[in-house]
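These are my notebook entries on how two parts of one protein chain meet. I set down each point in the order in which I looked it up.

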Amino acid sequence: MAKKKTIDWQLAPAPESTDHVRIDKQYELFINGKWQKPKSGKYFDTINPANEQKLARIAEANAADVDAAVKAARKAYDTVWSKMPASERAKYIYRIARLLQEKAREFAVIESMDGGKAIRESRDVDVPLAAAHFFYYAGWADKLKYAFPGKNVSPLGVAGQVIPWNFPLLMAAWKLAPALACGNSVVLKPAETTPLTALKLAELLQEAELPEGVVNIVTGAGATGAAVVNHPDVNKVAFTGSTGVGKLIQRATAGSGKKLTLELGGKAANIIFADATIDQAVEGIINGIYFNQGHVCCAGSRLFVEEGVYDEVIRKLKHRMRSLVVGDPLDKNTDIGAINSKEQLATINRYLKFGVADGAEMYAPTCDLPTRGYWCRPTLFLNVAQSARIAQEEIFGPVLAVQTFRTVDEVIQKANNTPYGLSAGVWTDKGSKIFNLTSKLRAGVIWANTYNKFDPTSPFGGYKESGYGREGGLHGLGAYLRLN
Ligand code: NAD
């Protein structure tokens, strides 16, 4: 009998064009509506993690620059923004949302170039959701008293906001839109590896003719973030990032009277019951952990499978993993782009070693990786002990730790057995099981028969070491208002 032929095919490259993208060679600080050189005279490079090429030189703000930004924000708050009728404020925020939609392609491409995420995600998730947040909060600006009936609402003053690199533009939108809608002015510090879309947003704010000083953007690393957080004239601190830095900020702001929200790390449990629609659940697992290279605070990084369907789930999961395309973030076929930085890749590789050393069985499909840049294949670990580091600590990469369970009580206990409490997923045919689990899992967001779905109307935030305060929805307004 003739040997059966296997077809080895690959998708033809489908790169997104970069013709419509403008990235300047150098970016200054955006203070008081103008581009200002850093007083330190220092700059750092932002690179494309997919090819290690430099994209631009970025100004590094020191404490004196941050002070100038806070002073500009205070002046804008006192003289313009807090005095303006709320319906007028809303018009600016609507304008920002519309301009973002108009420039969506440019923003998406720059996000992928600076951060390494697949264009499919920056184009279909990050940028549309960022615009949606501005639209949503623009609608609230003149209705704040209806959001909190019986209360007098007033803005807090100057908000200092520090954000991470995993959703650079979206995190900026999550922070800016509610702050502005509530009448606050802002000093925003983007992450040092992904400053470009925030700086493009500054250009867009100029085009929207937002009054000068209402939003100031200062770039730099941890020291710049600390200068924002510790500035005595900042009334509100909003931080998204690691739990370690969140704890430092909590200590630094204690007793200062500053209002604080912390959106920190996670180690979510994605729970598959035997009565779930398995094919759909497998897609949800893939989306939960491999989406955005696993650089997602709410990533479903721990998978719990009911024993009866374990073999089927793992077989289908491995099959699906083999079809994931890893490579050029600008290629429209790419599922998994580049790891954001050399440091983050080193962290992930360290955890891969921990997983093997702790006795878990590692699986990653074989696929070619580009020779330059920072890459990690989608990886899973089987036979993971509950105490293993890969089951307890946030890896922030495309690495899944798989465990099994027999009873509902067992999986609830295992899922809650982590210092984090940001999110979880439940896959089952039974509504009663969903309600039982959602009331017992200690997680701020729980998805049922889906994963990683976001909407501006829906609040997001954590329990335990995942932080406190909520962003999004009506709850997200409360973080930027004084309620009497
Ligand atoms: P990180 O804490 O290292 O940095 C976050 C931001 O804080 C950056 O802008 C950084 O420059 C700044 N920073 C660093 N040290 C600082 C200091 N001492 N004072 C003030 N600012 C400082 O985190 P990261 O590695 O950029 O981001 C990944 C982390 O963010 C993960 O733990 C992830 O789970 C978390 N995250 C959480 C959410 C959420 O909504 N809960 C969303 C996205 C990311």
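Entry 1. With which residue does R120 form a salt bridge, and how far apart are the closest N and O atoms? I looked this up in a predicted model. I found that R120 forms the salt bridge with D335, and that their closest N and O atoms are 2.7 Å apart.

Entry 2. I then turned to the domains. The domain assignment of the protein chain gives domain 1 as 26–264 + 466–483 and domain 2 as 269–455. I noted that the centres of domain 1 and domain 2, taken over C-alpha atoms, are separated by 30 Å. To the contact, domain 1 gives 29 residues and domain 2 gives 29 residues.

Entry 3. I next looked up the area. The size of an interface is often expressed as the accessible area lost when the parts come together. Between domain 1 and domain 2 the buried area is about 2500 Å², and carbon and sulfur atoms give 57% of it. On the side of domain 1, I recorded E52, W165 and S466 as the residues that lose the most area to domain 2; together they account for 22% of what that side buries.

Entry 4. I returned to the polar pairs. Between domain 1 and domain 2 the count is two salt bridges, and 12 residue pairs are in polar contact across the interface, both residues at pLDDT 80 or more.

Entry 5. Last, I examined the side of domain 1 that touches domain 2. Helix 3 (104–115) and helix 4 (119–140) each supply at least two of its residues. Helix 4 provides the largest share, six residues. I listed the residues of this side as 13 nonpolar, nine polar and seven charged.

Methods:
Residues are numbered from 1 along each chain as its sequence is written. This is a predicted model: local features need pLDDT of at least 70, side-chain atom pairs count only at pLDDT 80 or more; totals for chains, interfaces and linings use all residues. Side-chain values use heavy atoms; hydrogens and water are left out. Domain bounds come from an automatic or database domain assignment. Contact means heavy atoms within 4.5 Å. Buried area is the accessible area (1.4 Å probe) that two parts lose on being put together, summed over both. A salt bridge is a side-chain nitrogen of Lys or Arg within 4 Å of a carboxyl oxygen of Asp or Glu. A polar contact is a pair of N or O atoms within 3.5 Å; within protein, one must be able to donate a hydrogen and the other to accept it, and residues adjacent in sequence count only if both atoms are side-chain atoms. Helices (H or I, at least four residues) and strands (E, at least two) are DSSP runs, numbered from the N terminus. Ala, Val, Leu, Ile, Met, Phe, Trp, Tyr, Cys and Pro count as nonpolar, Asp, Glu, Lys and Arg as charged, and the others, Gly among them, as polar.
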